[in-house]
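Student: Could you take me through a structure and show me how its features are to be read?

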Amino acid sequence: SHLSENKRDFEGKKFLITAGPTYENIDPVRFIGNHSSGKMGFDLAREAAKRGAEVILISGPSSQRVDDKNIRIYRVSSAQEMFDEVFKHYENTDVAIMSAAVADYTPKVKATEKIKKNENELVIELVKNKDILRTMGEHKTHQFLVGFALETQNEEENAKMKLKKKNLDMIVLNSLRDEGAGFANDTNKIKIFTPTEEQTFSLKSKEEVAEDILNFIQAKL
Ligand code: CTP
Ligand code: CA
């Protein structure tokens, strides 16, 4: 990777990258979340910035940090907050990469006081969140739009369906099947689909995966 140290092939390009999980509040002290660490999105942001891009990074709760003058970070919590932040920047974006693990559902009612236990079972009603990426696809003008897919079954078929349904230019399939791949790990095994091609990559560190993804995007721009 030292070969790419001085590569400035994204100079002048504006990236919008999302990262991490979202937290959907149940009450003031509890939430529904997921195991996303944010590392994949932060590594994409660091690598794009290193190569000259101007990066807007919108992250859900994550312990990841960045320190690069080419990265502006916005920290959000819920899927709704991420939606709102994304659409403040979307129009002025050349490449959008949605690597965040956005919650599909959120509690219909967020209790204002801590929920007390009682003799009964507790039922929490969940309503569907807006699909940020699908909405981006619907409003796409000039942006190169990249999604991620996390699947545990019919992986390729589902990834290709998402590519089409969300009007994406490219989708990155994250394999959870292989040991050490995906989500809370520092390594990842991916497969990339565009409407006309596909390419399989081996198990690598997320830094190297970020490089592979950005090289693939660069060749498409
Ligand atoms: N995504 C999004 N907004 C949501 C849900 C997902 O922008 N409310 C994005 C993710 O960031 C990812 C892509 O959509 O880039 C695919 O997410 P995934 O969870 O794999 O797919 P879903 O469409 O949510 O379908 P399902 O979870 O049922 O497989
Ligand atoms: Ca989902």
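Tutor: We shall go from the overall fold to one helix and then to a metal site.

Tutor: This is a predicted model, in which local features need pLDDT of at least 70 and side-chain atom pairs count only at pLDDT 80 or more, whereas totals for chains, interfaces and linings use all residues. Residues are numbered from 1 along each chain as its sequence is written, chains are lettered from A and ligands numbered from 1 in the order in which they are written, and side-chain values use heavy atoms, with hydrogens and water left out.

Student: How many helices and strands does the protein chain have?

Tutor: Helices (H or I, at least four residues) and strands (E, at least two) are DSSP runs, numbered from the N terminus; the protein chain has five helices and 14 strands.

Student: What are the protein donors of the calcium ion (ligand 2)?

Tutor: Donors are N, O and S atoms within 2.8 Å of the metal (3.2 Å for Na, K and Ca), and water is not among the atoms, so sites may look incomplete. Here they are D104 (OD) and D104 (OD), 2.4 to 2.6 Å from the ion, and D104 lies in the loop between β6 (95–98) and β7 (105–107).

Student: What share of the 221 residues is buried?

Tutor: Buried residues make up 46% of them.

How values were computed:
Buried means under 20% relative accessible area, exposed over 50%, partly exposed in between (1.4 Å probe, protein chains only).
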